[in-house]
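Here is a brief report on a predicted model.

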Amino acid sequence: MKGITYIITNNNNYVLYTGVTSNLKHRMLQHQSKTYLNSFSSRYNIWKLIYYECFETIDEAIKREKQIKAGSRNKKLKLINGMNPEWKDLSLFLDGSLRLPRPPVNFHCGSNFGLVGLAMTVQVMLILDGS
């Protein structure tokens, strides 16, 4: 099973939550709709996807989640700023209907993660940008 490690935040970009899933689009819908009312993300209104990494197995994703959680806030900020310096809500791009303003380095998940057409969009943007 494939896995994704992700970081989400609140509207003020202050509170950070690191999680793991096998379906990022579905998991983000759960966070945004507050499916689990007593969860940390519901209590602190954390809904904005600001970072994620993809892995071949869920075990690799869980290992990475633990590494990120064990790191300092500063390390998390470096990860986020390296991929998404404007802290845009990346969940807006999960269905492939919107184009990323700047492709993050780790967008290689493919359509198995609900990222319809995203890999192709990123490749085209890189070619057009000359990267």
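## Sheet

Two strands count as paired if DSSP finds at least two bridges between them. By that rule, three strands form an open sheet in the order β2-β1-β3, with antiparallel pairing. The edge strands are β2 (16-21) and β3 (48-55), and each pairs on one side only. From one strand to the next, the twist averages 20°.

Strand β1 covers residues 3-9. Six bridges link β1 to β2 in the antiparallel sense. Ile8 has Tyr17 of β2 as its bridge partner. Strands of a sheet pair through backbone hydrogen bonds, either parallel or antiparallel.

## Helices on the sheet

Helix α1 (residues 24-33) lies across β1, β2 and β3. The helix runs at about 30° to β1. Helix α3 (residues 58-70) also packs on the sheet, where it touches β1, β2 and β3. The direction of α3 makes about 165° with that of β2.

## Ser91

Ser91 sits in the loop between α4 (73-83) and α5 (118-129). Is Ser91 buried or exposed? Ser91 has a relative accessible area of 13%. Buried means under 20%, so Ser91 is buried, at 13%.

Which residues does Ser91 contact, leaving aside neighbours within four places in sequence? They are Met28, Gln32 and Leu49. With Gln32, the side chain of Ser91 makes a polar contact of 3.0 Å.

How values were computed: Residues are numbered from 1 along each chain as its sequence is written. This is a predicted model: local features need pLDDT of at least 70, side-chain atom pairs count only at pLDDT 80 or more; totals for chains, interfaces and linings use all residues. Side-chain values use heavy atoms; hydrogens and water are left out. Helices (H or I, at least four residues) and strands (E, at least two) are DSSP runs, numbered from the N terminus. Axes are lines fitted to C-alpha atoms, for helices over the stretch in contact, and angles run from 0 to 180 degrees between N-to-C directions. Contact means heavy atoms within 4.5 Å. Buried means under 20% relative accessible area, exposed over 50%, partly exposed in between (1.4 Å probe, protein chains only). A polar contact is a pair of N or O atoms within 3.5 Å; within protein, one must be able to donate a hydrogen and the other to accept it, and residues adjacent in sequence count only if both atoms are side-chain atoms.
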